[in-house]
Amino acid sequence: MSSSKAWADRQRRIGWTLAATAVVVGATGLTLQAFATGLPFDARLVTGLGILLLGLAIAALMRGGVATRASDATRRLGVEELDERNVAIRRLAGSRAFVVSAALTYALLMWVSFAANGQLPAISPDGLWYALAAAFVLPMLVYVGSIIAAQRSM
Amino acid sequence: MKNRLAELRATKGWTQQQLADLVGVSRQTVISLERGRYNPSITLAFRLARTFEIQIEKMFLYEEDDDEQ
């Protein structure tokens, strides 16, 4: 089996596994939303996770599908994925995003700790939600920005 | 690190995509190598040298200044 066909097959396997997991998680979330009461968390989180998994599944299946239909595209997609420069760029972006993520999470933890001791103002639930959202989104922006910058400079 | 990739590729009459396909990298990587913006791994350097059937040190020109980068 050629490496490009193996790559396409692997994408399809990942896609179907993610799709099956997404259906189970999504259905669980919807069931919890409809019937469960008094849960210590919002059941929409589970449904949201199912939707996220479904999106990842569709992306993997599309990559596998495109790769299967066009052999030239298959090979090039596989090459792009494993290309050493692209791998280096992704690693660089990943390490930068990790630093930002760690710094934000650490700062938030410190704030919550000091707030518990009364040395800093307490964060409201809404404020905490926005801070956590920022700690999730900013590293992703750094990751994407680093990839774009490195693609131009490397 | 300087290299003679563009010159050698022109001698063979290959396009950047053809060379990329031969050594199993993306065309963008070939472009970056030719412009000297990216230094290849030792494995890729050997693959390139073998593709052009020359010794690796005839393709990549190491200079002391390269250590400072």
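The lining of the largest pocket has seven nonpolar, one polar and one charged residues. Here Ala, Val, Leu, Ile, Met, Phe, Trp, Tyr, Cys and Pro count as nonpolar, Asp, Glu, Lys and Arg as charged, and the others, Gly among them, as polar. This is a predicted model, in which local features need pLDDT of at least 70 and side-chain atom pairs count only at pLDDT 80 or more, while totals for chains, interfaces and linings use all residues. Residues are numbered from 1 along each chain as its sequence is written, chains are lettered from A in the order in which they are written, and side-chain values use heavy atoms, with hydrogens and water left out.

**Largest pocket**

- The space in the largest pocket is about 390 Å³. A pocket is an open set of points on a 1 Å grid over the protein atoms alone, where a 1.4 Å probe fits, with protein on both sides within 12 Å along at least five of seven lines. The volume is the space filled by probe spheres set on the points.
- Lining residues (an atom within 4 Å of a point) include Arg44(A), Gly48(A), Trp129(A) and Phe136(A).
- Two elements of chain A, α2 (44-69) and α5 (125-153), each give two or more residues to this lining. Helices are DSSP runs (H or I, at least four residues), numbered from the N terminus.
- α2(A) gives the most, with five residues.

**Domains of chain A**

- The domain assignment gives domain 1 (1-82) and domain 2 (83-154). Such bounds come from an automatic or database assignment.
- Each domain supplies at least three residues to the pocket lining.
- The C-alpha centres of the two domains lie 25 Å apart.
- Four residues of domain 1 are in contact (heavy atoms within 4.5 Å) with five residues of domain 2.

**Largest nonpolar core**

- The largest nonpolar core has 22 residues. Such a core is a set of buried Ala, Val, Leu, Ile, Met, Phe, Trp, Tyr and Cys residues joined through side-chain atoms within 4.5 Å.
- Leu5(B), Leu19(B), Leu48(B) and Met59(B) have the most contacts inside this core.
- Both chains supply the core: among the elements giving at least two residues are α4 (84-116) of chain A and α1 (5-12) of chain B.
- α4(B) gives the most, with five residues.

- Leu19(B) lies in helix α2 of chain B.
- Beyond four places in sequence, Leu19(B) touches residues including Arg9(B), Trp14(B) and Thr51(B).

Methods:
Buried < 20%, exposed > 50% of the residue type's maximum accessible area, 1.4 Å probe, protein only.
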